[in-house]
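Visitor: I am new to this structure. Please take me closely through one part of it.

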Amino acid sequence: MNWGSLENFLAMGGYGFYVWGSYLVTFGLLIVELTLLAQRKRRLLGQLRARAGVEREGA
Amino acid sequence: MAFNWFKYSSPQTFFPLAEKLALGFGAAALLACAAGLYIGFFVAPTDAQQGEAYRIIFIHVPAAWMSMFLYIVMACWAGLGLVFNTRLSGMMASAIAPTGALFTFLALWTGSLWGKPTWGTWWVWDARLTSELILLFLYFGFMALQAAIDDPRRADKAGAVLALVGAVNIPIIYFSVKWWNTLHQGASVSFTKAPTMAATMFAGMIVMALGFWFYSIAVALLRARCIMLERERTADWAIQYSRGIA
């Protein structure tokens with residue numbers, strides 16, 4: 001498949017809105033899911049460390 | 001030589017293994033998605049009937065497959081949890097649900113963007129679309145039910161019952177295009193006959209489906225690790241892990 005130019009590629013034969021609207025939302029949401037998971041893990045580790053610190057001081 | 005299958009059913013032993021597996025599957029997902037996008041946009045030819053709009057197929061069909069497949073895997077873990085009462089099973093079922101819901105939403109979203117230029121409408125209440133929407137609500141119901149119950153073991157049991165009962169929707173989605181008159185086209189790929197599409201189109205779809213599959217495994221494992229830390233936050237191994245990584 002040879003698109004000829006970037007404009008042709010982006011235009012997708014007049015269906016650019018539908019095609020790119022599908023692909024951008026799909027890969028965008030996959031990246032959002034990964035980001036949310038990374039945040040969740042960072043927050044969890046912070047809580048665990050805080051708890052461990054409190055227990056050490058209390059002992 | 002005896003292999004203890006239940007060894008990895010304890011969160012403590014599964015936790016480090018899950019990270020290694022997630023990294024491997026994540027790398028495989030990246031490669032497969034890159035290859036799938038390349039085939040989908042630069043190798044596969046223009047469709048004679050639908051022009052370039054058909055290229056949505058390379059994410060729509062894999063997302064729809066994943067939405068159903070992940071539900072089956074989730075229901076299997078949930079069922080295993082009910083039968084063997086292993087802690088890990090319920091965690092895996094909970095870890096899969098959000099990703100399953102995401103792929104269900106994406107199947108509906110990309111389907112809508114494909115329906116507008118080809119059918120002239122974003123949405124119709126026909127059997128395939130409606131049963132897929134019900135699948136989205138089943139995932140939401142599973143997550144809401146689990147979130148509403150404080151005790152994780154009881155949440156797992158309640159969720160498992162919902163997941164197993166809801167599994168009846170999966171064959172309904174799959175066969176809906178045969179059982180009812182619907183706007184949605186029949187399966188281009190089936191278990192019984194050769195695919196009714198160009199070989200390169202078929203290849204792009206399969207490679208992309210592999211990419212989504214690897215992605216789902218990697219993300220489910222990463223989420224399972226978070227769930228393990230949450231549920232076992234008072235256990236020594238979890239606290240030691242949080243210190244070791246600082």
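Visitor: Within what distance do the axes of α3(B) and α7(B) come, and at roughly what angle do they cross?

Guide: A word on the model and its labels comes before the answer. This is a predicted model, where local features need pLDDT of at least 70 and side-chain atom pairs count only at pLDDT 80 or more, while totals for chains, interfaces and linings use all residues. Residues are numbered from 1 along each chain as its sequence is written, and chains are lettered from A and ligands numbered from 1 in the order in which they are written.

The axes of α3(B) and α7(B) come within 8 Å and cross at roughly 135°. Helices are DSSP runs (H or I, at least four residues), numbered from the N terminus. Axes are lines fitted to C-alpha atoms, for helices over the stretch in contact, and angles run from 0 to 180 degrees between N-to-C directions. The two helices are therefore oblique to each other. Angles under 35 degrees count as roughly parallel, over 145 as roughly antiparallel, 65 to 115 as roughly perpendicular, and the rest as oblique. The crossing of α3(B) and α7(B) is right-handed: the near helix is turned clockwise from the far one by less than a right angle.

Now the residues. On α3(B), those that meet α7(B) include B:Met91, B:Ala95 and B:Phe103. On α7(B), the partners include B:Phe212, B:Val219 and B:Arg223. Contact here means C-beta atoms, placed from the backbone, within 7 Å. The residues of this contact divide into 12 nonpolar, three polar and one charged. Ala, Val, Leu, Ile, Met, Phe, Trp, Tyr, Cys and Pro count as nonpolar, Asp, Glu, Lys and Arg as charged, and the others, Gly among them, as polar.

Both helices also pack against α1(B). Its buried residues pack against α2, α3 and α7 of chain B. Among them are B:Phe14, B:Phe25 and B:Ile39. Buried means 20 or more other C-beta atoms within 10 Å of a residue's own, with C-beta atoms placed from the backbone.

Both helices face chain A too. In that interface, 35 residues of chain B are in contact with 23 residues of chain A. α3 (87–119) and α7 (199–231) are among the elements giving two or more residues to chain B's side. The largest share, nine residues, comes from α3(B). By class, chain B's side has 23 nonpolar, five polar and seven charged residues.

Conventions. Contact = placed C-beta atoms within 7 Å. Buried ≥ 20, exposed ≤ 12 C-beta atoms within 10 Å, placed from the backbone.
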